[in-house]
Amino acid sequence: MTARIGVVTFPGSLDDGDAARAVRIAGAEPVRLWHGDAELHGVDAVVLPGGFSYGDYLRCGAIARFAPVMEKIIDAAGGGLPVLGICNGFQILCEAHLLPGALTRNQHLHFRNRDQILRIEATGTAWTNTFQPGQEVLIPVKNGEGCYVADANTLDELEAEGRVVARYVGGNPNGSQRDIAAITNQAGNVVGIMPHPEHAVEALTGPSLDGLGFFTSVLKHLVGAPA
Amino acid sequence: MPRVVVDVMLKPEILDPQGQAVANALPRLGVNDVASVRIGRRIEIDFTGEPDLDRAREIADKLLANPVIEDFTVRLVEADEPAEARS
């Protein structure tokens, strides 16, 4: 049976269309979820896409975290539902305390938009299991508030538990501590990533096809997961 | 009716690039004796009835501030008090 992957649209989401497209190219069925939905329509995994939910008012992701659909996602993530937060989605996951730390204004204050090399370090997660440890991938990064910060204890814990999923290579685009580009929760089902794998799934529009691996990973994870 | 004011500031250990950018612009105004500038946010809350400081603290902790990177204070002011009254 084809896996059904939910893609949430908040007011101000920008990359929900591309995320749904990436899901389809990976071989799954994208299911569009609305921020006001009080249920998840039986999806097998969820992508929180990039953009500027609620105009980035207050803090990026702060208001989206209280959307009705997020209450369901937070509950389901606790039960093992795979959740990938990309860019604004990563910010929402941190605001929802599904991931530790926070994303703040880029240290240099500029919006940064470029193709970025990442090193995948954690390949045991639901979203990275098709990569090799240490594999370098090329994926677009585009953010104004992508500087990952957390206290030293949290950073040490992430490193010790192998929860740094990806790091920036060849230049840190936003000042993120320890070059962190992506992290995961303890269970490995929730991943937040600042760059955009959904923009690197087709030769016509992306710098590589490396982003596809995140979406094929979750399909592999779902096949292997107990029903 | 008194108004609740919540002040949210980045924690001291969190870099404030906005504040730094402002500080770096001050010499262009001829100001050369400022050591640092940090930027926060002032939020004014008017309750429908008596102001509830405990409720305001809950709002601040859950939504207005992100405790990972920000500290906040909650206080009461007279509703007609202009922002500069404390200076």
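Here are some worked exercises on a predicted model with chains A and B.

**Exercise 1. The annotated site**

Task: Find out which residues of chain A the UniProt annotation "active site" covers, and work out why they can be said to gather at one spot.

Solution: 
- Start with the record. The unreviewed UniProt entry puts its "active site" annotation on Cys87(A), His196(A) and Glu198(A).
- Now compare sequence with space. These residues span 112 residues in sequence, yet no two of their C-alpha atoms are more than 10.8 Å apart, so they gather at one spot.
- His196(A) sits in the loop between β11 (190-193) and α5 of chain A. Because it has 24 C-beta neighbours inside 10 Å, His196(A) counts as buried.
- Look at what His196(A) touches. Beyond four places in sequence, its contacts are Asp15(A), Gly50(A), Ile86(A), Cys87(A), Ile139(A), Pro140(A) and Lys142(A).
- Repeat for Glu198(A), found in the loop between β11 and α5 of chain A. Glu198(A) has 31 C-beta neighbours inside 10 Å, so it counts as buried. Leaving out residues up to four places away, Glu198(A) touches Asp15(A), Asp18(A), Ala19(A), Ala22(A), Ile86(A) and Gly211(A).

**Exercise 2. Buried or exposed?**

Solution: 
- The cut-offs first: a residue is buried with 20 or more other C-beta atoms within 10 Å, and exposed with 12 or fewer.
- Tyr148(A) belongs to strand β8 (residues 147-149) of chain A. Setting aside neighbours within four places in sequence, it contacts Gly101(A), Leu103(A), Ser176(A), Gln177(A) and Ile180(A).
- Met1(A) comes in the segment before β1 (4-9) of chain A.
- Tyr148(A) and Phe66(A) are 82 residues apart in sequence and 22 Å apart in space. For Met1(A) and Ala28(A), the figures are 27 residues and 9.4 Å.

**Exercise 3. The nonpolar cores**

Task: Say which residues touch the most other members of the largest nonpolar core, and which helix gives this core its largest share.

Solution: 
- The largest core holds 78 residues, and the ones touching the most other members are Ile5(A), Val23(A), Val46(A), Val47(A), Leu93(A), Val165(A) and Ile193(A).
- The largest share, 5 residues, comes from helix α5 (residues 212-224) of chain A.
- Apart from this core there is another, of 7 residues, including Val4(B), Ala56(B), Ala60(B) and Leu64(B).
- Zoom in on Val46(A). With neighbours within four places in sequence left aside, Val46(A) contacts Gly6(A), Val8(A), Ile73(A), Leu81(A) and Val83(A).
- As background, nonpolar side chains tend to be buried together in soluble globular proteins.

**Exercise 4. Building up chain B**

Task: Work out the pattern chain B follows along the sequence, and how many bridges join β1(B) to β3(B).

Solution: 
- Count the elements: chain B has 2 helices and 3 strands. Along the sequence they follow the pattern β-α-β-α-β.
- Pair the strands. β1 (residues 2-10) and β3 (residues 70-78) of chain B run antiparallel, joined by 9 bridges. Here Leu10(B) has Glu70(B) as its bridge partner.
- β1(B) also pairs with β2 (residues 41-45) of chain B, antiparallel over 5 bridges. Val5(B) is opposite Glu44(B) in that strand.
- Check the overall shape. The radius of gyration of chain B is 16 Å, whereas a compact globule of 87 residues would be near 12 Å. Its C-alpha trace spans about 45 × 30 × 15 Å along the principal axes.
- Finish with burial: 13% of the 87 residues of chain B count as buried.

How values were computed. Residues numbered from 1 in each chain as written. Chains lettered and ligands numbered in written order. Predicted model: local features only at pLDDT ≥ 70, side-chain atom pairs only at ≥ 80, totals over all residues. Core = buried A, V, L, I, M, F, W, Y, C linked by C-beta atoms within 7 Å. Helix = DSSP H or I, 4+ residues; strand = E, 2+ residues; numbered from the N terminus. Contact = placed C-beta atoms within 7 Å. Rg over C-alpha atoms; globule rule 2.2 N^0.38 Å. UniProt positions renumbered as here; feature names shortened; annotations may be inferred. Pairing = 2+ DSSP bridges.
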